[in-house]
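Good morning, and thank you for coming.

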Amino acid sequence: MTTTSPSASGRQTALMFAGLIVVGALAPFLVYPTFLMKLWCFALFACAFNLMLGYSGLLSFGHAAFFGGSAYITGYLCRDLGLSPELGLLAGTLFGGLLGAVFGLVAIRRAGIYFAMITLGLAQLVYFLALQLGFTGGEDGMQGIPRGRLFGLIDLSDNLAMYFFVFTVFLLGFALVQRAIHSPYGQILKAIRDNEARATSLGYDVARFKLIAFVLSASLAGLAGSTKALVFQLASLADVHWHTSGQVVLMTLLGGLGTILGPVVGAVTIVGLENLLADKVGSWVEVIMGSMFVLCVLLFRRGIVGELKALLQPGRR
Amino acid sequence: MDIFGIPSPAFFGQVLLGLINGSFYAVLSLGLAIIFGLLNIINFAHGAQYMLGAFAAWLGLNYLGVNYWLALLLSPLLIAALAVVIERTMLRRLYQLDHLYGLLLTFGLALIAEGIFKNLFGVSGQSYEAPELLQGGVHLGFMFLPLYRAWVVVAALTVCLVAWYVIERTSLGATLRAATQRPDLVQALGINVPVLVTATYATGAALAAFAGVLAAPIQQVNPVMGSNLIIVVFAVVVIGGMGSILGSIVTGLALGVIEGLTKVFYPEASAVVIFLIMVLVLLVKPAGLFGKQA
């Protein structure tokens, strides 16, 4: 990727965005919009996660805390305090970032495999808080979150209006991740991922760079969760459960770690598969997800996009 | 007699429950530490292996008439056999890669095991009767001590101490420790390291299954019993650090008791107290209480 000339990679990026916009604009006329909205929310979630695992080499097993935690915050603000949806999303994003900073400050003290265990433990803490704090509705979840009117003008209870709003949110988040990865900051992240000792010796404050990546990733994961809360008008314990953390790992892994489009492809595949299989195999979905983990790790660690890339550009990587 | 305003039977009852949970934390974190030492893999399937151990005992009793004592022996052997297959066919391919792939693979295996048992038996628990010999209990004056619970603590601690002895005081343990440090050198000295690795993984899994059988009469045997536990055990491992065997045993027990005491004095926090301690320890001593700086 780094060997492509800047103009060529710029063209590729423009092409990718154009393709995404065309697909996103046409899709709701062909496929059930609610399903598509779920898809974009999880795609954004996975892109946010990829920023951590794919580009910083940090495996967080606690991203559900940001996704679900922000969903609760947005739900509370929009339902109980009557905030408008755009402010609700903003607050959810900020909350995700704040929580990410707290998680980051604690977890970054340990590297590698401990990092995953610590984030998992911290997320479990958030899960129990969500279970016990009154405003979340405990086992019942938080129901009846209003979609409201966007900027006081556009009625989001209309599914198509909501769809285009969600798609726009996704595109903005996706563009931000893409921008971050290609910025000098993103290059330093990759350097840290590939050789932390060398990055340190070059004078980079490795811990600070990791923390910023964590906060950015958590903010976007929060945005994804907040958006999902508005779409389904529901925030529930399932959103903060470790299953959700595992799911986003699988999406990113399946699509392709450290590739721009990988998480989107992974999210489409997993959400699509779940939708397709839910009424056929019911509770066997978990077994299928587990098997996909095993297959991905054993057979194609580069993921769908990574393998395709290797196929199309032999000799690279 | 009251202790800090709590009737003493309730107080000691919770301390005992804490000790029991602590024994499970100790056995499981010990297994994790042994596996991590040699395989460089965090075994996310450890919880599932614990659950499978409990289910193997339950199935054995209900369908094959295998009694508790036999199950305590057979169930770990069965799970160890399964672990040998997993290590030989899957884990073995990952040793050259980043640690995280081992975690992801075993996470997938845990999902598969949990999913299968959820489908077969639902999420509600199955009850498993304690063996006749250990039913009932004794009055100690300050509390009532159910025999089975006392047995669990004794059995788990015995297993932990045996493991400690084998690893720290025998020649097999010395080989194992050497292989943890420099597998290539140990191999050059004529020791079959791959077999040692397989055996280590199987032993770790067997320990988890043993804990599962011990837990079966206390807790309901259900498919999610393992995943709920393993997340706490991870926190225990982070707190203790994986550097020392005795360290994991002591940390496990102590955290179990602290959790039990929290249930007495501030029940709302009992589910989170271990995670809070984890945060505190990370802030004060990032390498863990008994860990070496990574």
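Predicted model: local features only at pLDDT ≥ 70, side-chain atom pairs only at ≥ 80, totals over all residues.

Two packed helices are described by the angle between their axes and the distance between the axes. Here α4(A), residues 85–107, packs against α5(A) at an angle of about 140 degrees, and the axes are 10 Å apart. An angle over 145 degrees would count as roughly antiparallel; α4(A) and α5(A) are therefore oblique to each other.

Which residues make this contact? From α4(A) come A:F103, A:V106 and A:A107, and from α5(A) come A:F115, A:I118, A:T119 and A:L122. Sorted by class, the contact of α4(A) with α5(A) has 6 nonpolar residues, 1 polar residue and no charged ones.

Let us follow α5(A) across to the other chain. This helix, residues 112–132 of chain A, also meets α11(B): the two axes come within 9 Å and cross at roughly 135 degrees. That angle makes α5(A) oblique to α11(B).

On the α5(A) side, the residues are A:I118, A:G121, A:L122, A:Q124 and A:L125; on the α11(B) side, they are B:F275, B:M278 and B:L282. Please note A:I118 and A:L122, which meet α11(B) and also take part in the contact with α4(A). An α-helix has 3.6 residues a turn, so residues three or four places apart point the same way. By class, the contact of α5(A) with α11(B) has 6 nonpolar and 2 polar residues, with no charged residue.

Now consider the contact between the chains as a whole. It takes 34 residues from chain B and 34 residues from chain A. Within chain B, the helices α4 (99–121), α9 (225–240) and α11 (273–284) each supply at least two residues of the side that touches chain A. Which helix gives the largest share of that side? It is α4(B), with 16 residues. The side of chain B that touches chain A divides into 26 nonpolar, 4 polar and 4 charged residues.

Turning to chain B itself, we find 11 helices and 4 strands. A compact globule of 294 residues would have a radius of gyration near 19 Å, and chain B agrees, because its value is 19 Å. Its C-alpha atoms fill a box of roughly 65 × 50 × 35 Å along the principal axes. Buried residues account for 49% of the 294 residues in chain B. Among contacts in chain B between residues at least 6 apart in sequence, 77% join residues at least 24 apart.

I shall close with some local details. In α14(A), residues 303–312, the buried residues include A:G303, A:I304, A:V305 and A:G306. Among the elements covering the buried residues of α14(A) are α11, α12 and α13 of chain A.

Finally, where does B:N40 lie? B:N40 is in the loop between α1 (8–39) and α2 (46–64) of chain B. Although B:N40 is not a glycine, it has a positive phi of about 60 degrees. With 17 other C-beta atoms within 10 Å, B:N40 is partly exposed. In chain A, A:Q233 likewise is not a glycine and has a positive phi, near 55 degrees. A:Q233 sits in the loop between α9 (206–232) and β4 (234–235) of chain A. A:Q233 counts as partly exposed because it has 16 C-beta neighbours inside 10 Å. Thank you for your attention.

Methods. Residues numbered from 1 in each chain as written. Chains lettered and ligands numbered in written order. Rg over C-alpha atoms; globule rule 2.2 N^0.38 Å. Buried ≥ 20, exposed ≤ 12 C-beta atoms within 10 Å, placed from the backbone. Contact = placed C-beta atoms within 7 Å. Nonpolar A, V, L, I, M, F, W, Y, C, P; charged D, E, K, R; others polar. Axes fitted to C-alpha atoms, helices over the stretch in contact; angles between N-to-C directions. Parallel < 35°, antiparallel > 145°, perpendicular 65-115°, else oblique.
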